[in-house]
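Thanks for asking me to look this one over. Here are my notes, for you to read with the structure open beside them.

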Amino acid sequence: MTQEHRSKGGFETRAIHAGYEPDAMTGAVNPPIYASSTFKQDGVGGMRGGYEYSRSGNPTRTALEGAIAAVEDGERGFAFASGLAAEDTLVRSVCRPGDHVVLPNDAYGGTYRLFDKVEKVWGLDHTPAVLSDVEAVRAAIEPGRTKVVWVETPTNPMLNIADIEALAAVAHDAGALLVVDNTFASPYLQQPLTLGADVVVHSTTKYVGGHSDVVGGALVVRDLELAEAIAFHQNSIGGVAGPFDAFLTHRGLKTLAVRMERHCDNAEKVVDFLVSHPAVAEVIYPGLPTHPGHEVAARQMRRFGGIVSFRVAAGEQKALDVCAAAEVFTLGESLGGVESLIEHPGRMTHASVAGTDLEVPSDLIRLSVGLESAEDLIADLDRALA
Ligand code: P1T
């Protein structure tokens, strides 16, 4: 099984061509969906192209894995059934009972739940830290025990920014790996491996897939020893992306660059509208010069992304009412698809972190700004806020 990177060329070229050469027999320009659990062997052990059984490898998945590695400027990519399956596989590949990880004090609620309710039971400790404060991260590290510093930037849903380059140095000083969940930025806006990170994590359910029609996850690394450990655990645990899901995710990846540009255009217009709206107490967007992480974001991101969070002046009930009143923005969890979504993190995506360090404000609304006409999005918010 080879991952054809064709990693030369610009981002768009890699997104469209890396990972797959037109089929030798038919010339098909897209990877066929290999709906096959097993592969015929030419005599015992005589595998064609290294394929044996689809948990270990499937050509549709291999194509996606090569493409995602190429757009992240990595060496090896791995595709999973969900972002959380990718995260769990990574943790088991690099941590052992008794180890410790530093987590964001503001992260996707499901990521925190994985560490706090699942990994902890197996003996992996964690400390939440304010990732925008490099010294706080250094202080949270337990030398010799900390194996991973886990970064999300921008964070979900508070859009805090962490300095990837600075945190990579802090993690590496302590002999720990720097893992970056790059879901919110997408590989188009930010490439953590080029800034010193060791592992990139994605919920490909979001911008990479881009159409809200498939759940998936990915890991990308440069170090080949680390890649071997992940490959072993991916096969041993088995949370792999199936061929249909791999196909959809790969199809989405090809248009990531053009979609992200428009997500950013529309998000900027929505931000411009919200900042002057009297019912809005605070708009949170890393593209605003007043955002505390603006300078770091400007340095490490191409643009500032399609997610906008804001707090309503009148409190939680008003936030719930706005979510219910929106029509063009669909009320639902998830993000990163072509359609705009609105949600109340406190009651929805981040309900599992209520009462912890990661609790989010109850008057907070998160928008995933999609690709509809910007004027329709703004009119919808104007009506919902009235
Ligand atoms: O949902 P799944 O594909 O398993 O990915 C989990 C995940 C990991 N990391 C980040 C930053 C995420 O946002 C998510 C999933 N988030 C949502 C479902 C959400 O609505 O925020």
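The points below start with the ligand and then turn to the backbone.

1. Please keep in mind that this is a predicted model.

2. A side-chain N or O atom of threonine 205 is 2.7 Å from a ligand oxygen, and a polar side-chain atom of asparagine 156 lies 2.8 Å from one. Leucine 84 takes part through its backbone, with an N or O atom 3.0 Å from a ligand oxygen. On its own the ligand exposes 480 Å², and the protein buries 93% of that.

3. Now to the backbone. Most peptide bonds are trans. Here, the bond from threonine 153 to proline 154 is cis, with omega near -10°, and the bond from asparagine 156 to proline 157 is also cis, with omega near 5°. Proline 154 lies in the loop between β4 (146–152) and α6 (164–173), and proline 157 lies in the loop between β4 and α6 too.

4. Lastly, have a look at serine 212 in the loop between β6 (199–203) and β7 (217–221). Most residues other than glycine have a negative phi, but serine 212 has a positive phi, near 55°.

Conventions: Residues numbered from 1 in each chain as written. Predicted model: local features only at pLDDT ≥ 70, side-chain atom pairs only at ≥ 80, totals over all residues. Heavy atoms only, no water. Polar contact = N/O pair within 3.5 Å; in protein donor to acceptor, adjacent residues only side chain to side chain. Areas by Shrake-Rupley, 256 points an atom, 1.4 Å probe, with all protein chains shown as cover. Helix = DSSP H or I, 4+ residues; strand = E, 2+ residues; numbered from the N terminus.
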